[in-house]
Structures are given as structure tokens and as C-alpha cells.
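Open the model in your viewer and keep the selection panel at hand. The stops below can be taken in order.

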Amino acid sequence: MEEELISKKDLLELTGISYGQLYRWKRKNLLPEEWFIRKSAFTGQETFFPKQKILDRIDKIVNMKDDLSLDELADMFSPASKAISISMKELIERNIVSTDAVKTAEAFIGKSERYTFEQTLCVYILDHCLQSGEISLDEGRTMLPTFLEHYKKFKEQQCDMILLRKMGVSVLLLVPTGGEIHFESGVKIILRVDVPVMIEQLKLKLMAI
Amino acid sequence: MNDRVAEREARSLTITGSSSVMGGSYDRVKIVGEGEIVGDTTCNKLTCIGTLAADGTIAGEKMSIVGTCDIKGGLQGGSLKTSGTVSVSGITRLRELGISGTIEAKDHIYAEQIRLRGMLQTLGDCEAEEFSGRGIFEIGGLLSADKLNIHLYRDCKANEIGGGVIRIRRASLLNPLSLFFKPSSSARLLVSVMEGDHIYLENTIADIVRGNKVEIGPGCEIGLVEYKEFYEQKKGAVVKDKRKV
């Protein structure tokens, strides 16, 4: 999974933002430090970025910076859990998660009137997987406890969740984001979920009232 | 018992003479003489005249240090004014930082505003919305600010500089500060890469300068300038290569 990189110069050209904005967003933690990849080029040292990620992020910042302050944006992009509580009814009404996902998840995260961000995230990811049609409810049931137990062990929750299947037997694993993995033949990757992306999506949906 | 008292109301801590105390949560901390604080400390106001050694993190809303302060943990909070020497091993994160003395940091320094009238040294990055410097700095990583205004008194160094408006000038002899801190006429800024929207440079030695509008003034030696809209080179500047991108 070699990511395509884009140089800083090309990025500024393509997006029309200025050096000042780029550095300001970096200072405000809207652009994570690990996206700044320093390489030496024939013109001296140059900074590169993972192309797709940075373009998506800049697109979001540019579109939303009129409505939200930079600090609010930073809060949204940060992988840290937000301190919120929301009722499940509202989540279903607002179409963030489906009723099926809620029912399945209840056994693991407990039934309560109001859900924390972490609980919501679990349901959201489960819902996402179920909606994709790739996994069965049973697999969803094994997924949740595994996810809950391990995803916090990754630095800033930078992990991917992968579901494998070989001869009908499924295996679930969590690996660092973007990590390369190889298998014996016959193993099929059913699903790969980028957790930070899910967190960001969920925050975005929760904020859009 | 300390905890219970602290819950009721934050007490004040005063050290006069020489003493060692436990950290915790205080309203005012005042040290005249020699103090040692063991553990993390939070306070509203911190005044140190003399010597303070802290082995944890210090967080204060309003801090003023005259003398020496050695912090093994991080430093965070509202404003810090120092006319002494402050050394920090952890991350420094403040709203306002006024340096008339010296600050030496092993890690990053983040602040909204940095006003430098003395010396700033860090092995990490230094980030601020506004950075105004009349003094000396040595930054191991990136110096980043929206508005960066520097008057060179002695040789300054940074690995990278980035931001919006960057102005580097020789210090004028007419500034009141110059009366007791005479600027050296050969003071230079050494930087490997500099990037900004508007850049004006004097007495700067850089490998690469990239910007929208770039003005290279006297005393500069630049390897490569890349500019977008505007470029001007003044007399007494050496630029090896320049290109419009």
C-alpha cells in the first residue's frame, strides 16, 4: 500500500492555499505532524504529504472554515474522543446509525439512555460494516468486543480494522494505519476500516445539526 | 489531609529563605530565596525571586520569574514573564511569553504571542501566532508564526522558518533597547529553509527561500529563491539562483 505523495509546492498550487495558511493550520493541529514527510530532493529539502489524505482534509477545512472556528475544526479532526453524550433515539432519528446495529451492539456496550462518544463510535463502525453487506451479524458480534478492547492501544487510535476470511472462517485484526500486510494464498480481505477516518466522519455527522 | 484542604479552597504558598515543598494546587506561589517543589503544581499566580527547582510540571495563569527557574516537567498556562533564566525539559505551552532574560527548552515551545528581548533556545520547534524578536534565538526545529518580526542583535539560528508575514531586519541603533544591548553589525540569521507569503530579509543566510512576494535586502546570501508573484533584490544581496514558480 504505497501511498501517493504530493510535494508542498504542488499542493499549494493545486489547492490555492498559501504558506501562511498551511503553517497556521499546522500550528492549530488541523494537519497532523506525521503527514509532513521530509525528503531531500534535487532542489534541497522538500516536504511531501500523503496526497489523498491531505487533499481531503484541506477540502474540508476550506469548506467549513467559514462556519467553524479553527479550534472547533481542530477538535473535530483530532482522534481524541469528544466528551459528549447523545441519546440513541436521536442517533437513529438522525440516521447516523441503524436500529439493527443498535440492537446488536447493546449486548456489548450496555443499554443506556445516553451514549458516550466511544459507545457511539462502536455502533457507528458496526453499522458501517453491516451496511457494506460484507459481514454477517455474527461476525459483527465478535468484532465489537475485539475493537473495544484493543483500539485504544494504538497511539491516537491510528489503526485499521481488517476482516479476513479463508474457507469460510473469518479472522478479525487491528493493525497500525496504512500498515502493509501480506497473506498466504486463499486469504481474502473482506473489509478494511480506517478508524481515524470513521472517527472524523462520526464527529462530522454529530456536529451537523 | 492536604487534598481535603485543597478541595475547600486553594491555599497560597510562600517560601522565604530556603525550603522544599510538595506540589499541588495553590492560589499564589511566591518564592523569595531558594525553593524546591516536588511534584506537579498548579497555581493562579507564581512569583519567583531567587531560585526555583521543580521536578514536575508547572501550570500557572500568571507567572513572573526573576532569577533562576529549572523545571524538569512541562510548563503551561497563561502568561510568563521572565527576566531571569528559565529552563524547561518538557513542552512549553503558554498564551503569552515575554522573555527579557533567557529561556532554554529541551522540547517544543508553543504560545500565542512571543515577545523576545533576551535569548530563546530550544531543541524542538517554536510556534506562535505572533513572534517579535529583538534578541538571540537558536531553534533546533521549525520556527513557525503568522507574523514574524525579527530584529537581529546577534547571530540567530533556526533549522526552518515558516509562516505568513516574515520580516527579518538589522536592529537599529536608534531603538531604546540598543542603548544597553548594542546590536552587532555582523549579526546574521542562519536558516536552511524559509517559507512564507510575504518575506523581507536582511542579513540572512539561507539555502532556500520560498514565498509569494519575496524581497531580499542587503547582507543576504541565499542559495535559491522561489517566488510566485513578486521578487526584488536589493543592493548588497547575493542570490545564487532564483526562479518564478
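This is a predicted model: local features need pLDDT of at least 70, side-chain atom pairs count only at pLDDT 80 or more; totals for chains, interfaces and linings use all residues.

**Domains of chain A**

Begin by colouring chain A by domain: domain 1 covers residues 5-76 and domain 2 covers 85-207. Their C-alpha centres are 28 Å apart.

**Helix H7 of chain A**

Select residues 117-132 of chain A, which form helix H7.

Now show the side chains of the buried residues in H7(A), among them A:Leu121, A:Cys122, A:Tyr124, A:Asp127 and A:Cys129. A:Gln119 and A:Thr120 are buried too. Step just past the helix to A:Gly133, where phi is positive, at about 80°.

**A three-stranded sheet in chain A**

Next, select strands E6, E7 and E8 of chain A. They make an open sheet in the order E7-E6-E8, with antiparallel pairing. Strands E7 (169-176) and E8 (188-194) are the edges, each pairing on one side only. On average, neighbouring strands here are turned by 20° against each other, direction ignored.

Zoom in on E6 (residues 159-166), which pairs with E8(A) over six bridges in the antiparallel sense. Within this region, A:Arg165 stands opposite A:Lys188 of E8(A).

**Nonpolar cores**

Move to chain B and select B:Met194 and B:Val209. Within the largest nonpolar core, which has 67 residues, these two touch the most other members. Domain 1 (1-107) and domain 2 (133-245) of chain B each give this core at least three residues. Which residues are in contact with B:Val209, leaving aside its neighbours within four places in sequence? They are B:Met194, B:Ile199, B:Val214, B:Ile222 and B:Val225.

A second, separate core has 26 residues, including A:Leu121, A:Cys122, A:Tyr124 and A:Cys129. Those four also belong to the buried residues of H7(A).

**Where the chains touch**

Finish with both chains in view. The contact takes 17 residues from chain B and 11 residues from chain A. On the chain B side, strands E9 (126-152), E10 (156-170), E11 (189-201) and E12 (204-216) each supply at least two residues. E11(B) gives the largest share of that side, five residues.

Key
Residues are numbered from 1 along each chain as its sequence is written. Chains are lettered from A and ligands numbered from 1 in the order in which they are written. The expected span of a helix is 1.5 Å times one less than its number of residues. A residue is buried if 20 or more other C-beta atoms lie within 10 Å of its own, exposed if 12 or fewer, and partly exposed in between; C-beta atoms are placed from the backbone. Two strands pair if DSSP finds at least two bridges between them. Axes are lines fitted to C-alpha atoms, for helices over the stretch in contact, and angles run from 0 to 180 degrees between N-to-C directions. A nonpolar core is a set of buried Ala, Val, Leu, Ile, Met, Phe, Trp, Tyr and Cys residues joined through C-beta atoms within 7 Å. Domain bounds come from an automatic or database domain assignment. Two residues are in contact if their C-beta atoms, placed from the backbone, lie within 7 Å.
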